[in-house]
Amino acid sequence: MLASPEASRFVLVNNADLFKPTYPKSKEKMIEAIKKLIPGLEAIAISTLESWDNGKVVNTFQGMKKFSFEVGILAIFGHLEKRQKEELKENYSIVDKGYNSFPTNIPGTAYHKAIMILQEIICERKEKKLLENDLLGHLLNFKNDKGLSLNNDQVADNIIGILFASQDTTASALTWILKYLHDDQKLLEAVKAEQKAIYLSNEKGNRSVTWTQTRNMPLTYKVILESLRMASIVSFTFREAVVDVEYNGYLIPKGWKVAPKPNTYLPFGTGAHSCPGNELAKLEMLILIHHLVNKLRWEVVGSQDTVQYSPFPVPQNGLPARFWKEPDKQELYN
């Protein structure tokens with residue numbers, strides 16, 4: 001571990017050629033998995049934006065929720081059968097409206113129907129013995145240190161939890177990013193310039209965005225980080241002491257909850273319980289912003305100085321906005 005600014009400068013600046021960037025093994029595996037999602041994720045982003053470019057008013061937050069839900073489905077199931085996807089969407093949307101309500105798993109409830117659809121998908125995957133390298137595949141193949149696997153109910157419960165976690169937070173962050181870019185036209189033009197260079201190098205979008213290109217969007221990445229700082233999506237997070245803990249002369253009794261101090265910048269948490277989907281969330285944002293600024297322009301409708309919580313903070317009414325296709329300047333000159 002580097003213990004001083006001088007040591008950090010030695011490794012990161014003065015002798016950067018002697019050290020290569022790397023990740024812990026666990027994170028390398030995670031990144032390899034999400035790299036394979038890029039073509040599917042990009043197709044979802046393009047399809048989402050194409051549905052907006054007619055000048056009608058769009059509830060940006062709801063549009064982003066649909067986008068992040070589709071990406072969640074892709075990450076969990078891969079390419080899901082259309083019928084199953086539609087049924088899951090329909091019943092999950094009802095569950096989603098009762099986000100903070102008790103998940104009653106009894107016949108007739110939306111939660112129960114959603115679980116039943118997941119059970120069908122799980123059983124089908126098991127029967128066909130498909131060893132897909134998606135999240136569902138990992139859950140089905142998981143064994144703990146005692147060699148025990150997860151049962152179908154546990155797998156389904158994990159999937160419901162992941163769908164909840166992956167949807168509102170990413171959608172909220174993307175909604176704020178659109179607002180901040182709209183409010184700062186100079187910054188928006190700078191982001192457009194960065195993304196235009198990549199767009200042109202990919203033959204105006206005829207070639208897919210690559211993982212390497214997503215790692216070379218420094219300004220766009222800073223916009224994402226600054227947006228997460230300005231609009232804290234998860235306003236607070238709790239940890240519960242599992243035993244009596246003494247810290248700095250204070251006793252934290254077992255069962256008591258603690259939280260970070262105000263203004264602590266931890267958008268994805270940290271340590272062993274940090275958000276496992278943070279790399280996928282950032283990839284979603286980078287790819288959607290890439291296609292958004294290259295293909296569309298937008299105008300926020302009405303005053304957007306008020307924040308509402310649903311339960312995450314979003315601009316009032318989900319940031320209503322009109323979207324139009326960005327004209328190709330070269331075609332205009334011709």
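Mentor: Start with the inventory. This is a predicted model, and the protein has 13 helices and 9 strands. Buried residues account for 40% of its 334 residues. The accessible surface is about 20100 Å², and 56% of that belongs to carbon and sulfur atoms.

Trainee: What share of the contacts between residues at least 6 apart in sequence joins residues at least 24 apart?

Mentor: That share is 68%.

Trainee: Why is lysine 179 called buried?

Mentor: Its relative accessible area is 10%. Buried means under 20%, so lysine 179 qualifies. Lysine 179 sits in helix α8. Leaving aside residues up to four places away in sequence, it touches Gln304, Pro315 and Leu319.

Trainee: What makes α12 mostly covered?

Mentor: Of its 18 residues, 17 are buried. Helix α12 runs over residues 278-295. From first C-alpha to last it reaches 26 Å, close to the 26 Å expected at 1.5 Å a residue.

Trainee: What makes glutamate 279 and lysine 282 a salt bridge?

Mentor: Their closest N and O atoms are 3.7 Å apart. The cut-off is 4 Å, so the pair counts. Both residues lie in helix α12, 3 residues apart, about one turn of the helix. An α-helix has 3.6 residues a turn, so residues three or four places apart point the same way.

Trainee: Are glutamate 279 and lysine 282 buried or exposed?

Mentor: Both are buried. For glutamate 279 the relative accessibility is 5%, so it falls under the 20% limit.

Trainee: Which other residue forms a salt bridge with glutamate 279?

Mentor: Arginine 215 does, with the closest N and O atoms 3.7 Å apart. Arginine 215 lies in the loop between α10 (211-214) and α11 (218-230), and glutamate 279 in helix α12, so the pair ties together parts that are 64 residues apart in sequence. Arginine 215 is partly exposed, at a relative accessible area of 36%.

Trainee: How do you know that lysine 192 and glutamate 189 form a salt bridge?

Mentor: Use the distance again. The closest N and O atoms are 3.9 Å apart. That is within 4 Å, so the pair is counted. Lysine 192 and glutamate 189 both lie in helix α9 (residues 185-201), 3 residues apart, about one turn of the helix.

Trainee: Why is lysine 192 called buried, and why is glutamate 189 called partly exposed?

Mentor: Lysine 192 has 18% relative accessibility, and under 20% is buried. Glutamate 189 has a relative accessible area of 44%.

Trainee: How many salt bridges does the count come to?

Mentor: The count comes to 11.

Trainee: Which residues make the nonpolar surface patch of about 400 Å²?

Mentor: Val242, Val243, Val245 and Tyr247 make it. Take valine 243, in the loop between β2 (239-240) and β3 (245-247). At 48% relative accessibility it is partly exposed. A patch residue needs over 30%, so valine 243 passes on that test.

Trainee: What about the phi of lysine 204?

Mentor: Most residues other than glycine have a negative phi. Lysine 204 is not a glycine, yet its phi is positive, about 55 degrees. Lysine 204 lies in the loop between α9 and α10. It counts as partly exposed, at 35% relative accessibility.

Trainee: Where is asparagine 317?

Mentor: Asparagine 317 is in the loop between β8 (313-315) and β9 (320-325). Its phi is also positive, near 60 degrees. At 48% relative accessibility, asparagine 317 counts as partly exposed.

Methods:
Residues are numbered from 1 along each chain as its sequence is written. This is a predicted model: local features need pLDDT of at least 70, side-chain atom pairs count only at pLDDT 80 or more; totals for chains, interfaces and linings use all residues. Side-chain values use heavy atoms; hydrogens and water are left out. Patches are made of residues with over 30% relative accessible area and no salt bridge: like charges are joined within 9 Å, nonpolar side chains (Val, Leu, Ile, Met, Phe, Trp, Tyr) within 5 Å. Accessible areas come from the Shrake-Rupley method with a 1.4 Å probe; for residues, only the protein chains shown count as cover. A salt bridge is a side-chain nitrogen of Lys or Arg within 4 Å of a carboxyl oxygen of Asp or Glu. Helices (H or I, at least four residues) and strands (E, at least two) are DSSP runs, numbered from the N terminus. Buried means under 20% relative accessible area, exposed over 50%, partly exposed in between (1.4 Å probe, protein chains only). Contact means heavy atoms within 4.5 Å. The expected span of a helix is 1.5 Å times one less than its number of residues.
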